[in-house]
Amino acid sequence: MRSRIVAIIFACITLILSFAARADGDIAKGKVLSQTCLGCHGIADYTNVYPTYRVPKLAGQNAAYIVHALQEYKSGARSHQTMHAQASSLSLQQMQDIAAYFQSLGSPGQH
Ligand code: HEC
């Protein structure tokens, strides 16, 4: 009985570790993929060019949060037409790559 519990715990840990490994994106690929995003999520003062409206800051944002947000825009759980269009064309791997890149930029205050 006890060994079964240990086995279950091990299975859970393995699952968590493999999930963490898959959550790793490729920063170099993400940099290329994120060029389209920067038109709106510009790094400078986080406003897009025209019409000027504020967009959420992505630089330094937690990668897991970005991936989650993109999946929600893609599925429609978060409704926003522009971001739905953006997210719909991305695979999970591409989302992870982009997220890794934005996270790697760090917060502007930390430079
Ligand atoms: C045409 C402008 C535009 C483009 C291009 C664009 N976004 Fe966005 N994005 C927005 C706006 C506006 C919001 C805020 C939407 C809302 O209120 O839910 C947003 C929200 C987000 C959020 C949620 C942030 C948060 O703090 O909740 C993420 C993540 C995101 N965008 C990622 C991306 C990525 C990755 C790309 C490129 C593939 C991209 N965006 C391209 C305008 C844009």
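Helix α4 (residues 63-75) packs against helix α6 (residues 92-104) with the two axes 8 Å apart and at an angle of about 140°. This makes α4 oblique to α6, given that angles under 35 degrees count as roughly parallel, over 145 as roughly antiparallel, 65 to 115 as roughly perpendicular and the rest as oblique. Axes here are lines fitted to C-alpha atoms, for helices over the stretch in contact, and angles run from 0 to 180 degrees between N-to-C directions. The crossing of α4 and α6 is right-handed, that is, the near helix is turned clockwise from the far one by less than a right angle. On the α4 side the contact involves A63, I66, V67, L70 and Q71, which meet M95, Q96, I98, A99, A100, F102 and Q103 of α6; two residues are in contact if their C-beta atoms, placed from the backbone, lie within 7 Å. These contact residues divide into 9 nonpolar, 3 polar and no charged (Ala, Val, Leu, Ile, Met, Phe, Trp, Tyr, Cys and Pro count as nonpolar, Asp, Glu, Lys and Arg as charged, and the others, Gly among them, as polar).

The model is a predicted one, in which local features need pLDDT of at least 70 and side-chain atom pairs count only at pLDDT 80 or more, while totals for chains, interfaces and linings use all residues. Residues are numbered from 1 along each chain as its sequence is written.

Helix α4 also meets α5 (81-88). The axes of α4 and α5 come within 8 Å and cross at roughly 105°, so the two helices are roughly perpendicular to each other. L70, Y73 and K74 of α4 and M83, H84, A87 and S88 of α5 make this contact, with 4 nonpolar, 2 polar and 1 charged among its residues.

Turning to the ligand, 19 residues surround it, the closest being C37, C40, P56, A69 and H80; a residue is near a molecule if its C-beta atom, placed from the backbone, lies within 6 Å of it. Two or more residues of this shell come from each of α3 (35-38), α4 and α5. The shell divides into 10 nonpolar, 8 polar and 1 charged.

Overall, the chain has 6 helices and 0 strands, where helices (H or I, at least four residues) and strands (E, at least two) are DSSP runs, numbered from the N terminus. Of its 111 residues, 18% are buried (20 or more other C-beta atoms, placed from the backbone, within 10 Å of the residue's own; 12 or fewer is exposed, and in between is partly exposed). Among contacts between residues at least 6 apart in sequence, 65% join residues at least 24 apart. A28, found in helix α2 (residues 27-33), is exposed, with 11 other C-beta atoms within 10 Å. A28 and D97 lie 69 residues apart in sequence and 7.8 Å apart in space, C-alpha to C-alpha.
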